[in-house]
Amino acid sequence: SQLHAYDHSAVKIPVLMLHHAADSCDASPFIEAKEIADRYSFALIPFSGGAPDKDKNPCAVRTKHGFFGLDGKAVEIIGGWIAGQTLSSPSPGNDTYFLNEKVIRIPLTGFGGEIRLQTTVYKPDGPGPFPLVIISHGVPFEKALESEIKSRYRYCLQSEEFVKRGFVVAIPMRRGYGKSGGQKNVST
């Protein structure tokens, strides 16, 4: 299940969220964990560093997603939170997101007015300029599958390869998909 797809307003007990800022799991990006923590006043402890990933699957245990190399520190923080101790980040001052990930809204004029396309952007470190790669999610062949495209696509593995090679990657959600405005194009 995707992190942002759950109705967090129903949670009425204290919540502690631990998240690695460089976690490249598609289902639980750091940027969205931070948005949820801010919106619902949940405690969020960001992590950075740790051991290099040992698995190719970014959602596996021996990766940043599993706090690989930081698992002892994660357990210590959880235990302290349960005991009522004041929380502090194991890596203070580090706001580095996975591949400098940002979510922006790109204005699109037409189709009866202006809409905004939810777009994920990844970029290399540094000021640029950088060449641009645009990855489009396309549309499903079967109409019944359209409802499955509710969340923002990230294409983490593909994006990481382009960013390593010096490209900025933009992944717009087509109109009517994810949190992009407008209606889905029924003719495609």
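Let's start with Tyr153. Tyr153 is partly exposed, at a relative accessible area of 25%. For the cut-offs: buried is under 20% relative accessible area, exposed is over 50%, and partly exposed is in between, with a 1.4 Å probe and protein chains only.

A word on the source. This is a predicted model, where local features need pLDDT of at least 70, side-chain atom pairs count only at pLDDT 80 or more, and totals for chains, interfaces and linings use all residues. Residues are numbered from 1 along each chain as its sequence is written, and side-chain values use heavy atoms, without hydrogens and water.

Now the aromatic rings. Rings of Phe, Tyr and Trp (its six-membered ring) pair if their centres lie within 6.5 Å; planes under 30 degrees apart are stacked, over 60 edge-to-face, the rest tilted. The count is four aromatic pairs. One of them joins Tyr153 and Tyr155: centres 5.6 Å apart, planes at 85°, so edge-to-face. Tyr155 is partly exposed too, at 22%. Next, Phe162 and Phe167. Their centres are 5.9 Å apart and their planes at 80°, so this pair is also edge-to-face. Phe162 is partly exposed at 31%, and Phe167 at 25%.

On to the backbone. Most residues other than glycine have a negative phi, and most peptide bonds are trans. Tyr155 has a positive phi, near 45°. Tyr155 sits in the loop between strand 5 and helix 3 (156-164). Helices (H or I, at least four residues) and strands (E, at least two) are DSSP runs, numbered from the N terminus. Asn100 also has a positive phi, about 55°. Last, the Gly128 to Pro129 peptide bond is cis, with omega near 5°.
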